[in-house]
Amino acid sequence: MRRGVLARFADRLPLTARTPTLTLGEGDTPLIAAPRLAREIGCRFLWLKFEGQNPTGSFKDRGMVLAIAKAVEDGATAAVCASTGNTSASAAAYCAVIGIACRVVVPDGKVALGKLAQAVAHGARIVVLRGNFDEALIAVRAIAKKTGIALVNSVNPYRIEGQKTAAFEIIETLGHAPDGLALPVGNAGNITAYWKGFREAGTKPVLYGIQAAGAAPLVLGTPVAHPETIATAIRIGNPASWAGAVAARDESGGLFGKVTDDQIIEAYRMLASGAGVFCEPASAAPVAGLLQLSRAQPGRFAGQELVAVLTGHGLKDPQTAIGSAPPLGAVVAPGDLEEALR
Ligand code: F0G
């Protein structure tokens with residue numbers, strides 16, 4: 001049974017006797033073997049940590065459950081966040097179940113349809129900002145400061161605390177830490193959280209933080225004013241957890257890499273049609289990154305056990321799925337069996 005992150009990891013989270021019980025059954029996501037991709041990358045094992053199986057379809061639920069529980073413990077009656085989509089879907093769901101108001105600020109026109117549908121369905125009040133995620137985050141930080149409404153972006157330390165539990169699960173399932181772990185990096189909260197989790201467990205896998213080429217401030221070493229990528233979840237030019245990400249890279253002996261939209265779509269298709277796992281485009285970036293590294297240096301991962309974190313479900317972004325499908329992915333059959341069989 002999925003007990004939820006707060007119950008399962010109570011001894012490693014900052015809970016008190018007054019922290020409300022809250023769960024939608026988050027966490028406990030599978031490590032799925034991907035032997036065909038492992039062969040392509042030239043490693044011994046590739047495991048996909050499929051965070052799309054969380055209740056709202058992304059890894060955000062691990063941190064959101066704690067951030068919302070702590071906000072309510074501290075007397076909040078409303079929460080606010082900026083989001084490229086998944087954070088808002090998660091915040092809206094946890095606010096709904098615990099019974100507080102949710103306000104979200106999203107960038108104009110660049111949020112995948114499934115994510116918006118979730119925020120609407122869970123009853124969040126949505127502000128569409130003419131600008132990008134970075135500008136939306138500046139706006140909600142100001143709103144939170146002025147109004148006292150709880151800010152539940154990953155600048156909230158409880159988000160990081162909750163998200164570190166994914167590292168604990170990987171160690172538990174494998175019986176040890178992997179040699180390396182690759183994940184997509186946008187606002188850089190998740191790479192910060194994984195590193196915290198691995199360190200607390202006394203382990204030190206190499207972290208590969210993969211960004212989209214058009215939104216790769218950490219690779220470039222400087223903020224990007226106008227980030228662009230098909231992977232809208234990580235269309236971020238000035239990550240809030242910059243320092244955390246750099247520390248994770250340096251202390252783990254890892255690297256930041258960037259992959260083009262074409263590479264992301266290649267990996268996205270390989271995952272869906274060759275590994276049976278349908279993730280959203282941003283989630284395919286780490287697999288694209290591992291493919292790129294192994295092609296540049298064959299044998300680089302020989303004998304290694306790697307994990308790629310697939311952060312969100314493919315159903316989040318049906319438009320990219322349909323739009324990037326190869327031609328003849330579907331045929332329109334006439335209403336005649338003989339014709340259709342042909
Ligand atoms: N993958 C997905 C599917 C995401 O939604 C995000 C971030 C990331 C990766 C990057 O994680 O920001 O911790 O480096 N989405 C945020 C949002 C920004 O608003 O939903 P990060």
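This is a predicted model: local features need pLDDT of at least 70, side-chain atom pairs count only at pLDDT 80 or more; totals for chains, interfaces and linings use all residues.

Residues are numbered from 1 along each chain as its sequence is written, and side-chain values use heavy atoms, with hydrogens and water left out.

Two packed helices are described by the angle between their axes and the distance between the axes. Helix α8 covers residues 165–174 and helix α9 residues 189–200; their axes come within 7 Å and cross at roughly 50°. This makes α8 oblique to α9 (under 35 degrees counts as roughly parallel, over 145 as roughly antiparallel, 65 to 115 as roughly perpendicular and the rest as oblique). On the α8 side, the contact (heavy atoms within 4.5 Å) is made by Ala166, Ala167, Phe168, Ile170 and Ile171, and on the α9 side by Tyr194, Gly197, Phe198 and Glu200.

A pair of aromatic rings is described by the distance of the centres and the angle of the planes. Rings of Phe, Tyr and Trp (its six-membered ring) pair if their centres lie within 6.5 Å; planes under 30 degrees apart count as stacked, over 60 as edge-to-face and the rest as tilted. By this rule there are 5 aromatic pairs. Phe45 and Trp47 have ring centres 5.8 Å apart and planes at 25°, so they are stacked. For Tyr194 and Phe198, the centres are 6.1 Å apart and the planes at 35°, so this pair is tilted. Tyr194 and Phe198 are both buried (under 20% relative accessible area, with exposed over 50% and partly exposed in between, for a 1.4 Å probe and protein chains only).

Key:
Axes are lines fitted to C-alpha atoms, for helices over the stretch in contact, and angles run from 0 to 180 degrees between N-to-C directions. Helices (H or I, at least four residues) and strands (E, at least two) are DSSP runs, numbered from the N terminus.
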